[in-house]
Amino acid sequence: MLICKVVGHVWATKKEEGLKLMVVQEIDGTGRKKGNTFVAADVVGAGIGEQVLTVSGSTARKAFGRDTVPVDAAIVAIIDTVEVNREAARGSE
């Protein structure tokens, strides 16, 4: 799993039925940019600016309840709080 921040939407007229695609940026536990920006299918209804947990590979497909969904990454949780070294950092800040 990766901690990411939702930074945008992907609008596609032709895609798998029911998929909401979001652009996410990998961040560290304190909210600082850490890694890649990528597209993830949203399972939980996340919005721009929220911190989320993402999964990839076969785990992302299983988040949709079937292995035939053509996704590489999925947003599976919206983060409320992250605690790193006993310092709490709220999601979406």
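Modeller: Here is a short walk through the core, the strands and the surface.

Modeller: This is a predicted model, so local features need pLDDT of at least 70 and side-chain atom pairs count only at pLDDT 80 or more, while totals for chains, interfaces and linings use all residues. Residues are numbered from 1 along each chain as its sequence is written, and side-chain values use heavy atoms, with hydrogens and water left out.

Colleague: Fine. Which residues make up the largest nonpolar core?

Modeller: Nine residues: Cys4, Val6, Met22, Val24, Ala40, Ala46, Val52, Ala73 and Ile75. A nonpolar core here is a set of buried Ala, Val, Leu, Ile, Met, Phe, Trp, Tyr and Cys residues joined through side-chain atoms within 4.5 Å. Buried means under 20% relative accessible area, exposed over 50%, partly exposed in between (1.4 Å probe, protein chains only).

Colleague: Which elements give two or more residues to this core?

Modeller: Strand 1 (2-10), strand 2 (21-27) and strand 5 (73-78). Strands (E, at least two residues) and helices (H or I, at least four) are DSSP runs, numbered from the N terminus.

Colleague: What is valine 52 in contact with?

Modeller: Leaving aside neighbours within four places in sequence, its contacts include Leu2, Cys4, Val24, Ala46 and Ile75. Contact means heavy atoms within 4.5 Å. Valine 52 is also the bridge partner of cysteine 4, from its place in strand 4.

Colleague: How do strand 1 and strand 4 pair?

Modeller: Antiparallel, over four bridges; strand 4 covers residues 51-56. Strand 1 also pairs with strand 2, antiparallel over six bridges. There, glycine 8 stands opposite valine 23. Two strands pair if DSSP finds at least two bridges between them.

Colleague: New topic. Serine 56 is in strand 4 too. Buried or exposed?

Modeller: Exposed, because its relative accessible area is 52%. Not counting residues up to four places away in sequence, serine 56 touches Asp72 and Ala73. Its C-alpha atom is 8.6 Å from that of alanine 40, 16 residues apart along the chain.

Colleague: And lysine 62, in helix 1? Buried or exposed?

Modeller: Lysine 62 has 54% relative accessibility, so it counts as exposed. Helix 1 spans residues 58-62. The C-alpha atoms of lysine 62 and alanine 74 are separated by 9.4 Å, with the two residues twelve apart along the chain.

Colleague: Last one. Where is isoleucine 78?

Modeller: In strand 5. Its relative accessible area is 30%, so isoleucine 78 is partly exposed.
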